[in-house]
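Biologist: Please show me the model, and then I will ask how its terms are applied.

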Amino acid sequence: MKNSILSTLVRAVGLGMVSGMRSAMGPAFASQYANRHPSRQLKGSPLGFMQRENVMRGLQTIAAGEMVVDKVPGIKDRIAPGVLAGRAAAGGLAGATLYQASGDKAWRGELIGAAAAVAASYAFFFLRKYAGKKYKVKDGFAGGMEDLLAVGIGVGATAGK
């Protein structure tokens, strides 16, 4: 039991971080995980929609679009209050889905995912600004590197069972 709890904790933190980097990507990976590993605990819960294939495909499409929109000048900073709240909600949704699917309490995953999303939002916001100033990296390039990292974390967080 401890291994599965630790595994779920690590997954929730990972997808929370991904949500802080790209808000729709955390829930998209959580839904993909729920579709690959169907759970009776998830199906019978208010989060059961995350186990539907059309929800997974929709979230994946939104996440792909977000990677493009992120590079557009004039988009609000991820640490602006409203935007940050959305990232926290996305991280919370991803974490709650994973915890509910594992038979644990969804609220625990929600808190973990939301906290990780907020922390990652700030960390990657300032890291991207720092890279631009210190290394003269263009924002679009830094955003592309962040996309790759977010996808890598998402894949790692949802690997295996």
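**Buried residues and cores**

Modeller: In helix 2, the buried residues are Met 25, Gly 26, Pro 27, Ala 28, Phe 29, Ala 30, Ser 31, Tyr 33 and Ala 34. This is a predicted model, where local features need pLDDT of at least 70, side-chain atom pairs count only at pLDDT 80 or more, and totals for chains, interfaces and linings use all residues. Residues are numbered from 1 along each chain as its sequence is written, and side-chain values use heavy atoms, leaving out hydrogens and water.

Biologist: What makes helix 2 largely enclosed by the rest of the structure?

Modeller: Helix 2 is called that because 9 of its 12 residues are buried. Buried means under 20% relative accessible area, exposed over 50%, partly exposed in between, with a 1.4 Å probe and protein chains only. A helix is a DSSP run of H or I with at least four residues, numbered from the N terminus.

Biologist: Why is Ala 117 called buried?

Modeller: Ala 117 has 0% relative accessibility, so it counts as buried. Ala 117 lies in helix 6 and touches residues including Gly 16, Arg 87 and Gly 91, not counting residues up to four places away in sequence. Contact here means heavy atoms within 4.5 Å.

Biologist: Which residues touch the most other members of the largest nonpolar core?

Modeller: Of its 20 residues, these are Leu 15, Met 25, Ala 30, Ala 63, Leu 98 and Ala 150. Helix 2 gives the most to this core, with 5 residues. Such a core is a set of buried Ala, Val, Leu, Ile, Met, Phe, Trp, Tyr and Cys residues joined through side-chain atoms within 4.5 Å.

Technical notes
Helix = DSSP H or I, 4+ residues; strand = E, 2+ residues; numbered from the N terminus.
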